[in-house]
Amino acid sequence: MLWNGWGDPERATPLPQAVAGLLRELLGVEPAAHPPVALADVAVAPSRLTDGLLAALTAVTQVRTDDETRVRRTRGKSTPDLMRMRDGEAADAPDAVLLPASHDEVLAALRVCAEHGVAVVPFGGGTSVVGGLTPRTTGCRVALDLRRLNGMTSLDPVSRTAVLQAGLRAPEAERLLAAEGFTLGHFPQSFEWATIGGFAATRGSGQASAGYGRFDDMVVALTAATPRGTLDTGRAPRSAAGPDLRQLLLGSEGAFGVITSVTVRVRPLPRERRYEGWRFASFAEGTRAMRSLAQDGPLPTVLRLSDETETMVGLARPQSIAESAGAAGCLLLAGYEGDAARTEDLRARTHEALRGLGGEPLGDEPGEQWAQGRFDAPYLRDSLLGAGAFAETLETATFWSNIPALYTAVRDALTATLTAAGTPPLVMCHISHVYETGASLYFTVVCAQGKDDPLAHWDTAKRAANDAILAAGGTISHHHGVGTDHRPWYEREAGDLGTQTLRAVKAALDPQGILNPGVLVP
């Protein structure tokens, strides 16, 4: 992965001229002042590991302290993270990177770090966009990179479950499962680089969540290492034996323990995947159609609706954004996966329902283009940053009845704050995860970076948006997680007693407070 951007540098594409022109004309975006700092020129402070601590860690696991390894595990992939890295700012690089090859090595490394008071940041694919890799600590810290725990250790085709190690990257997990005729069905935008452990630690949700569920729905058991020992949770599909301890680790972002493996539900590999587009006159009409499908069926495997602005810009299809700009109404994408007969039946019933709900069929081309360019948007963000624009995302969720109010509140907060600062934004939104009771809202914001301090500039807007989310009854995160960026708002959402409960759990599992300090738990 590119150290100061997204993914494979060979896949980076220049910004389409039409988009560059739109940015200049509508948003006043000016070219970036300077190119990114080269990796070789990044200044990294000397490692603070003492000889004794280094020897103790080396005795239990593999350790690396070279500058490049440390820089590549500094921060995540939010726009503020990337802008700091592009400027060569790596003052908070970890003092060392640990590379354990087993659960027992993770346990041993945690014991050493607890004895020496060293903060530990679990590291998977490095794709956090909420400050999940930037703990609040001034002391010595290490990144615990799980990439060597990268296998599928067992598959139960009768129960349709598989045990996957936490450092296994998503594409390799799908390759291993496909060889046995199965799929996980979890394809978030971070799919190319994210890991199985990261999906579990953040409660991730993928593009096909309507058909396969969120990642936390897929996890039937997990194993985690803590400074006090091992937690093994889940021994049956469902249990009434007390509260479900899996839920303490799912979404815990490394603050309670290091997930080393998960047992997940798998599904037969679909023989056919088909995607198509529909047009609705307005976001409100499209939202009503999505609610009808989510509550009364039929429910496609993939269901996504762009608002008028996102449809106009063509952001749902980043690889052809210049050509698709200017479309009217709202684009709804539907996808169907399974064997040929089931797929065709689901598609026919969905067609009937969407037509009855006011949809206009656009054929397969919009859906297929979206599927082909599904993972291109992060590369587009790199191009936008290089062109002098600021591009960032945020997401939330609420109940169906509250979606119009939440949508308006967040969009208005972002627009008002950034316009007042002299950088009027383009605010786009889509719904891509639906449930019987509600759905998520995913916002994309593009504006000029501002001349003084782009990061402080965005921080003001993000705070206003977060305040608006809670005031309007939304959750601070549907699938990105809490990290350090959202923690103050998560405390408000959880309440005083909820926050005290989380502190009690952390005190029991991590009494020295070494695991991702300041992430999730205050």
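This is a predicted model: local features need pLDDT of at least 70, side-chain atom pairs count only at pLDDT 80 or more; totals for chains, interfaces and linings use all residues.
**Entry: the chain as a whole**

I looked up the secondary structure next and noted 19 helices and 18 strands. The radius of gyration came out at 23 Å, close to the 24 Å that the globule rule gives for 522 residues, so I recorded the chain as being as compact as a globular protein of that length. Along the principal axes, the C-alpha atoms fill a box of roughly 70 × 60 × 45 Å. I also noted that 57% of the 522 residues count as buried, and that, among contacts between residues at least 6 apart in sequence, 75% join residues at least 24 apart.

**Entry: helix α18 and its partners**

I then turned to α18, which spans residues 454-471, and looked at its packing with α4, residues 79-86. The two helices pack at an angle of about 175 degrees with their axes 11 Å apart, and, since angles over 145 degrees count as roughly antiparallel, I described α4 as roughly antiparallel to α18. The residues that meet are Pro 80, Met 83 and Arg 84 from α4, and Pro 454, Leu 455 and Trp 458 from α18. By class, I listed five nonpolar residues, no polar ones and one charged residue in this contact.

With helix α19 (residues 487-509), α18 packs at an angle of about 10 degrees, the axes being 10 Å apart; these two helices are therefore roughly parallel to each other. Here α18 contributes Arg 463, Asn 466, Asp 467 and Leu 470, while α19 contributes Trp 489, Arg 492 and Glu 493. I divided the residues of this contact into two nonpolar, one polar and four charged.

**Entry: two buried residues**

Is His 186 buried or exposed? I found His 186 in the loop between β7 (182-183) and α7 (196-202), and its relative accessible area of 2% makes it buried. Leaving aside neighbours within four places in sequence, His 186 is in contact with Glu 174, Phe 191, Phe 199, Gly 204, Ser 205, Gly 206, Phe 215 and Met 218.

Ala 119 I placed in strand β3, residues 119-123, and at 5% relative accessibility it counts as buried. With neighbours within four places in sequence left aside, its contacts are Thr 137, Cys 140, Arg 141, Val 142, Ile 514 and Pro 517. I also checked Ala 119 against Thr 13, 106 residues apart along the chain, and their C-alpha atoms are separated by 38 Å.

**Entry: backbone details**

In helix α1 (residues 17-27) I listed Val 19, Ala 20, Gly 21, Leu 23 and Leu 27 as the buried residues, and just after α1 I noted that Gly 28 takes a positive phi of about 70 degrees.

I looked for positive phi at residues that are not glycine as well, and recorded Arg 203 at about 55 degrees and Asn 516 at about 40 degrees.

Finally, I noted a cis peptide bond joining Gly 297 and Pro 298, with omega about -5 degrees; Pro 298 has its place in the loop between α11 (283-296) and β13 (302-306).

Note on methods:
Residues are numbered from 1 along each chain as its sequence is written. Side-chain values use heavy atoms; hydrogens and water are left out. Axes are lines fitted to C-alpha atoms, for helices over the stretch in contact, and angles run from 0 to 180 degrees between N-to-C directions. Helices (H or I, at least four residues) and strands (E, at least two) are DSSP runs, numbered from the N terminus. Angles under 35 degrees count as roughly parallel, over 145 as roughly antiparallel, 65 to 115 as roughly perpendicular and the rest as oblique. Contact means heavy atoms within 4.5 Å. Ala, Val, Leu, Ile, Met, Phe, Trp, Tyr, Cys and Pro count as nonpolar, Asp, Glu, Lys and Arg as charged, and the others, Gly among them, as polar. The radius of gyration is taken over C-alpha atoms; the globule rule is 2.2 Å times the number of residues to the power 0.38. Buried means under 20% relative accessible area, exposed over 50%, partly exposed in between (1.4 Å probe, protein chains only).
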